[in-house]
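Here is a short note to read beside the structure. Please keep the model open and find each residue as it comes up.

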Amino acid sequence: MPRAPQRHHRRWLRPAAVAAAALTAWTAAPSAAAPLPPDGTRPAHCSRIDAAKVPGAARQQASCLAELTTAGTVASGHTDPADWAGLTPEGLATPRGVPGIQIDGYFPDTSTTNTNHVWNHDSQFVIRLPDHWNGGLVVSGAPGVREQYANDRAFGDWAVSQGYAFAATDKGATSATFHRDGEAPGDALAEGNHRVTQLTRAARQVVARRYQRPPSRTLAMGMSNGGYLVRWQLENHPELYDGGVDWEGTLWRTEGPNLLTFLPPALRHYPAYAAGGAGAEQAHRAMEAAGYPAGSEFLWPFHHQYYWDLTQRIYREELDPEFDGATEAGTPFCAPGTPACDADYAYADRPREVRKAVAKIALTGRIGKPLISFHGTYDVLLPISRSSDVYAQLVRREGRGHLHRYYRVEAGTHVDSLADAFRGRVRPLVPCHRSAATALERWLDHGVRPPSSRTLKLPEGAGPEKLLTHCPLNG
């Protein structure tokens, strides 16, 4: 589904917003792929490299690698650290000893935001094929507006070290200007769903050719916007997957809640709370009413500075471009009452066309395969009460509760790097992914149902080192 970079009537976001995107590593620097070793000197594990052709790809480049994890791909140029910066704790162990084949490439597309490999081409993908294959395939889409390597540290390394083939896509448009792609509001986000489906179908064929048999298990995995993609795939294309792991997935609902309903109240009320004085208590109550829980206040300044405004503006620009206040020059954060400002954005009052745009990407809860979801209670970018709590209710309402397990992780927040900045106050979620993935494997392979949905309490007295490696789902 090629998307033309149209909507030229839109103005560029102000430089401060783009700078914020860079600080949060939402854009990635170019990387270069290592050349394929000459015939006759190929390692034994590359004997079937010519069979690894990606159907439908406009360009692809296969490489024999001694190491498919970031322990080797950083040095060889087969990943981009800027793409996954900030998503994981510093102390996260890096597995090693995973030789295999990596395929980088892109599908036909007309937009050019992804600069990896100096290709300047969107719909880029990466497929990794470990020598010691466990029979499975993990497929993912990038979180936020990052690129195809964004999940490498969070769970790409884990996947190939466990023997999975691993495939990831940039979703078809990247960076803080992703909304300039597509012909109509909502198109750029909807393209992400198509690109994951496209990659899944292609990767399954690649795996079958490389290993001479189809995958016995195909899993969808993703965090944030990538978690949303997992949900959408299991709702709309369950035939392609055996199950999925949803890490703090974004919720899009036509009538709300969604990003455009809970981010503007944060922009509107946080300045009064931060200023203190007579209005601080009332502003605090308004923040809690919008979904930002008591106890998470220490995270609000960071999110106000880097996340709330940028996220609201770029996604509102994608879904409601006629609301032009956010593109006016001026201070990055508007005071309450400022005309034509995203802090005053009211989704409920916007024209019907905005809901039509959201309807293109809306979730229903009608999953068709087993799904394990987890989300941190201190997530103040996608507040849990306005996102995953609601999605779990949708799944139950649709009669699919037997296919779902949902774990609320006490003191977890949206990006695990904040566990380093706020040691002992924020719990990293990466070990919860490992527990969820293992539980899903047991569910699919042996019929062992995971523990019932619950809140995973922060263990008393557990230090940062233990929290980095332990997240029992029965806790």
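1. Basis. This is a predicted model, in which local features need pLDDT of at least 70 and side-chain atom pairs count only at pLDDT 80 or more, while totals for chains, interfaces and linings use all residues. Residues are numbered from 1 along each chain as its sequence is written, and side-chain values use heavy atoms, with hydrogens and water left out.

2. Overall make-up. The protein has 15 helices and 10 strands; these are DSSP runs numbered from the N terminus (helices H or I, at least four residues; strands E, at least two). Of its 475 residues, 59% count as buried, where buried means under 20% relative accessible area, exposed over 50%, and partly exposed in between (1.4 Å probe, protein chains only). Among contacts between residues at least 6 apart in sequence, 79% join residues at least 24 apart; a contact means heavy atoms within 4.5 Å.

3. The sheet. An open sheet of 10 strands runs in the order E1-E2-E3-E5-E4-E6-E7-E8-E9-E10, with mixed pairing. Two strands pair if DSSP finds at least two bridges between them. Strand E1 (59-65) and strand E10 (454-456) stand at the edges with a single partner strand each, so one side of each has no neighbour in the sheet. Neighbouring strands are turned by 15° against each other on average, direction ignored.

4. E8, E9 and a helix. Strand E8 (residues 371-376) and strand E9 (residues 404-409) pair in the parallel sense over 6 bridges. The bridge partner of Leu-371 in E9 is His-404. Helix H12 (residues 388-397) packs on the sheet and touches E8 and E9, and its direction makes about 160° with that of E9. Axes are lines fitted to C-alpha atoms, for helices over the stretch in contact, and angles run from 0 to 180 degrees between N-to-C directions.

5. The disulfide. The structure holds 1 disulfide, defined as a pair of cysteine sulfur atoms within 2.5 Å. Cys-432 is joined to Cys-471, with 2.2 Å from S to S. The link is right-handed, with 85° about the S-S bond.

6. Aromatic pairs. How many aromatic pairs are there? The count comes to 17, with rings of Phe, Tyr and Trp (its six-membered ring) pairing if their centres lie within 6.5 Å; planes under 30 degrees apart count as stacked, over 60 as edge-to-face and the rest as tilted. Trp-247 and Phe-374 form a tilted pair, 5.4 Å centre to centre with 40° between the planes. Trp-247 is in strand E7 (residues 243-247) and Phe-374 in strand E8, 127 residues apart. Both are buried.

7. Tyr-270 and Tyr-273 form another tilted pair, at 6.1 Å and 50°. Both lie in helix H7 (residues 259-275), 3 residues apart, about one turn of the helix. Is each of them buried or partly exposed? Tyr-270 counts as buried because its relative accessibility is 8%, whereas Tyr-273, at 25%, is partly exposed. Tyr-270, Tyr-273, Tyr-292, Trp-300 and Trp-308 form one aromatic cluster.
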